[in-house]
Amino acid sequence: FLADSISDEALPRACRIIDALIKAMEPLGCSLTNSLSFIVHGETVSLSFSESKDEVKHIPTKEENMQLLKYEEERKRYSWASKPQIRKYDHIFNGRLSLAVNVQKSFRDCKSYVLEDRLGDIMIELYEAAEEIKKAREAREEAERKRQEEERRKEERRKRYNIEVDRTLALTSLAEDYDIACKIRRYIAVVEASGTPDEKTTEWIEWAKGKADWYDPTVAGEDALFGKREHEKVAEKKKLE
């Protein structure tokens, strides 16, 4: 994973710096992972190396010179000749290394010092980065805990709300059935008060009282044909067909 960021010549030096950090950090309970990160106080702190490059004028290769010659010949004969795209500059590794801790704090070679002189500062930064990572992780965990708690409260309220809706609809249905039963009984009272009933009317009155008891949720009478009425259901679901 260092192949694209530093040269082969700088690789042994980078390895020596890593080795020095390992020897200094391991006695303190820290360890290095296979992905070039240190485990500090249980937190993973990444390290990354890079090497500066110098911009130098590009010297065309033999193949590129052949392409240019071919282009010059074609240009003399054809107007559509396409000039080869040859870069003007090369960027060459120059041996100056940089070391980034947790992609935030960087240490680099300069005129005053090299990375090897800053190992103590790098160690301090590893511990400070671990503390920052810990705080960020705890903040994320706390935010997630609050989010989950808020979701739990919303779900609990939703369930309570739905239960309350069901209970209220059931209450309304009970009241509607009771109201029908009361209307039937008032009508029966009017029929009874209208005069001495004959046998057929007496029979109808008994039948009507049974239907009133069937509608009345406080009585919950059972009908020979309809069975028990499901009083708590909405009117549409218990409508007689």
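Predicted model: local features only at pLDDT ≥ 70, side-chain atom pairs only at ≥ 80, totals over all residues.

User: OK. Where does Tyr127 sit?
Analyst: Tyr127 is in helix α3.

User: And what does Tyr127 touch, leaving out residues up to four places away in sequence?
Analyst: Tyr127 touches Met25, Leu28, Cys30, Val40 and His41, with residues up to four places away in sequence left out. Contact here means heavy atoms within 4.5 Å. Cys30 is 97 residues from Tyr127 along the chain, and their C-alpha atoms are separated by 10.0 Å.

User: Is Tyr127 buried or partly exposed?
Analyst: Tyr127 counts as partly exposed because its relative accessibility is 24%. The cut-offs: buried is under 20% relative accessible area, exposed is over 50%, and partly exposed is in between (1.4 Å probe, protein chains only).

User: Switching to strands. Which strand holds Ser37?
Analyst: Ser37 lies in strand β2, residues 37–40. With a relative accessible area of 6%, Ser37 is buried.

User: What are the contacts of Ser37, not counting residues up to four places away in sequence?
Analyst: Ser37 touches Ser31, Leu32, Thr44, Val45, Ser46 and Leu47, not counting residues up to four places away in sequence.

User: What's up with the phi of Leu36?
Analyst: Leu36 has a positive phi of about 60°, although it is not a glycine. Most residues other than glycine have a negative phi. Leu36 lies in the loop between β1 (31–32) and β2, and Leu36 is buried because its relative accessible area is 5%.

User: And what about the phi of Ala220?
Analyst: Ala220 is not a glycine either, yet it has a positive phi, about 55°. Ala220 is placed in the loop between α4 (199–215) and β6 (222–223). Its relative accessible area is 24%, so Ala220 is partly exposed.

User: Now charges. How many salt bridges are there?
Analyst: The count comes to 26 salt bridges. The rule is a side-chain nitrogen of Lys or Arg within 4 Å of a carboxyl oxygen of Asp or Glu.

User: Give me a helix example. What does Glu72 pair with?
Analyst: Glu72 forms a salt bridge with Arg75, and their closest N and O atoms are 3.0 Å apart. Both lie in helix α2 (residues 62–77), 3 residues apart, about one turn of the helix. Glu72 is partly exposed, with a relative accessible area of 32%, and Arg75 counts as partly exposed at 49% relative accessibility.

User: What about Glu141 and Arg137?
Analyst: Their side chains meet in a salt bridge, 3.0 Å from N to O. Glu141 and Arg137 are both in helix α3, 4 residues apart, about one turn of the helix.

User: Which residues are linked in a network of salt bridges?
Analyst: Glu149, Glu150, Arg152, Arg153, Glu156 and Arg160 are linked that way. There's also a salt bridge between Lys233 and Glu230, with the closest N and O atoms 3.1 Å apart.

User: Which residues make the patch of negative charge on the surface?
Analyst: Glu128, Glu131, Glu132 and Glu138 gather there. Lys and Arg count as positive and Asp and Glu as negative, with His and the chain ends not counted. Patches use residues with over 30% relative accessible area and no salt bridge, joining like charges within 9 Å and nonpolar side chains (Val, Leu, Ile, Met, Phe, Trp, Tyr) within 5 Å. A charge is placed at NZ of Lys, CZ of Arg, CG of Asp or CD of Glu. Glu131 is in helix α3, residues 119–193, and at 37% relative accessibility Glu131 counts as partly exposed.

User: Last one: which residues form the nonpolar patch on the surface?
Analyst: Tyr161, Val165, Leu169 and Val234 form it, with about 330 Å² of accessible area together. Accessible areas come from the Shrake-Rupley method with a 1.4 Å probe, and for residues only the protein chains shown count as cover. Val234 lies in the segment after β7 (227–228) and is partly exposed, with a relative accessible area of 32%.

Methods
Residues numbered from 1 in each chain as written. Heavy atoms only, no water. Helix = DSSP H or I, 4+ residues; strand = E, 2+ residues; numbered from the N terminus.
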